[in-house]
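Subject: Structure for your review

Dear colleague,

Please find below the structure I am handing over to you. I would be grateful if you could look through it alongside the notes that come after it.

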There are 2 protein chains.
Amino acid sequence: MSSNFPVDIIVSKNVTACVIVIGNEILSGRTQDLNVAYIGKRCDEIGIRLMHTRIIPDLEETIITTVNECRMLFDYVFTSGGIGPTHDDITSASIARAFNKELIRSAEAVALLDNYYEAGKLTEARLKMADVPQDSILIDNPVSAAPGFQLENVFVMAGVPVIMQAMFEAIVERLSGGEAMLMTSIATNLGESALASELSKIQDAFSDVSIGSYPFFKQGKLGVNLVMRCTDESRLALLQKDIKLMIEKLGGEVID
Amino acid sequence: MSSNFPVDIIVSKNVTACVIVIGNEILSGRTQDLNVAYIGKRCDEIGIRLMHTRIIPDLEETIITTVNECRMLFDYVFTSGGIGPTHDDITSASIARAFNKELIRSAEAVALLDNYYEAGKLTEARLKMADVPQDSILIDNPVSAAPGFQLENVFVMAGVPVIMQAMFEAIVERLSGGEAMLMTSIATNLGESALASELSKIQDAFSDVSIGSYPFFKQGKLGVNLVMRCTDESRLALLQKDIKLMIEKLGGEVID
């Protein structure tokens, strides 16, 4: 079969994701969020595009509205925070309400907690961490046993980064990504304004690569990090060469 | 005039805010956002409640939709990122479109840039940073001159934290906050589950204080930070006393 299109063009829908960080402590600035960056990096690696993030307070109606909006807009929704045993941990109950599901005590989760705690230490407060919306699939927590859960395309995880990361690694096999996003960067001592015009031309020639330009201050001097993202390694290599030539042409230097 | 209400109850509407972080580099995890935490802390201090944050990519339609949604929902919207001179800096043009305003070259901004750069160095790329939506009020940039801008309740600032922070301090006097949110915290070696039940009772008795419970791992040991937020210093002092008594009663210790 003949075609006017080159055979190597495969039109594939991007797989998209959204992160919802739930917690007053992030909005108040008391705690620095680290989960968005972790999930963003891992999504790139497994071929999922993190397109959107929301940080919201521990308010039931806000959690319900946000989860219901985002799960319609993105292929995957990852939440972090609010699944512990205290009064301010309202994520599980709110998500049950968002899905119109009962919040039930999962026998499987109780068994996990029972196995983790010494005899007699599985208090009612701890048992609260076994409450998940009906029809949830549990997410393994190798750090402290209390599981997260998946309901349709929503993955509900802990807020503590070390636990969130372990949970994310536990669900990776459930996620279907596309091509991995490859990233490379070149730093230069040129300012953004000096390279803006030439860089724009290069971007036009490489429309399949996303080129970001990020100024920095280092030892009192201004410079720019040029970050290139693309799924095709050979295109990235070609682009790197062009960018280095551009820097040289503009009288700048590539720096480490 | 007599009243059934105690005279010291003043019903005041909370002043609310939303942060919109604009930048692929934050979503990809290449750059760790620091602006949300900074703005959150400062908002607490000046009596504004940071209720919501979105992190979105450098996509025109997404910027327009997000800004238009958020500026209707919150008293103040603070954006960070995308106002530099390169091809990926599309925030100013997108926000002009969101407000149905022309993007104009501000004479005032040109003068600021002209004053900052050496003679002959004010290139077309740099002049792009003087383009703002019609009717904007500029935001001073004491670090590198190129200004941000305010349009109605939307404050458009740089992404680089040191510049964003300087711009935020430059707009503080334009913001009308309510009572400052005071915050104090107590750390204990008790686990969350051990104190969940008693803490819940205390929260019920102090409905005017938001108590957050945040587990941590420190030198291999689990503990909890209890964070109390309230606008009334005397209530916070009272609550601190009760929390310390609770920790003692439960056989735990207050730790630094």
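This is a predicted model: local features need pLDDT of at least 70, side-chain atom pairs count only at pLDDT 80 or more; totals for chains, interfaces and linings use all residues.

Symmetry of the chains. Chain A is superposed on chain B by a rotation of 180° with 0.0 Å of shift along the axis, and the RMSD is 0.0 Å. The relation is therefore that of a two-fold axis. Both copies use the same surface, since 100% of the contact residues of chain A recur in chain B. Among the residues of chain A, the one that comes closest to the rotation axis is Arg54(A), whose C-alpha is at 2.2 Å.

Domains. Chain A is assigned two domains: domain 1 covers 16–174 and domain 2 covers 182–255. Their C-alpha centres in chain A are 38 Å apart.

A sheet in chain B. An open, antiparallel sheet of four strands has the order β10-β11-β9-β12 in chain B. Its edge strands, β10 (210–218) and β12 (254–255) of chain B, each pair on one side only. Nine bridges join β10(B) to β11(B) (residues 221–230) in the antiparallel sense; Tyr214(B), for instance, has Asn225(B) of β11(B) as its bridge partner.

Helices on the sheet. Helix α8 of chain B (residues 192–205) packs on the sheet, where it touches β10 and β11 of chain B, and its direction makes about 165° with that of β10(B). Helix α9 of chain B (residues 233–249) lies across β9 (182–188), β11 and β12 of chain B and runs at about 10° to β9(B).

With kind regards

Note on methods
Residues are numbered from 1 along each chain as its sequence is written. Chains are lettered from A and ligands numbered from 1 in the order in which they are written. Copies are superposed by least squares on the C-alpha atoms of residues with pLDDT of at least 70 in both. Two residues are in contact if their C-beta atoms, placed from the backbone, lie within 7 Å. Domain bounds come from an automatic or database domain assignment. Two strands pair if DSSP finds at least two bridges between them. Helices (H or I, at least four residues) and strands (E, at least two) are DSSP runs, numbered from the N terminus. Axes are lines fitted to C-alpha atoms, for helices over the stretch in contact, and angles run from 0 to 180 degrees between N-to-C directions.
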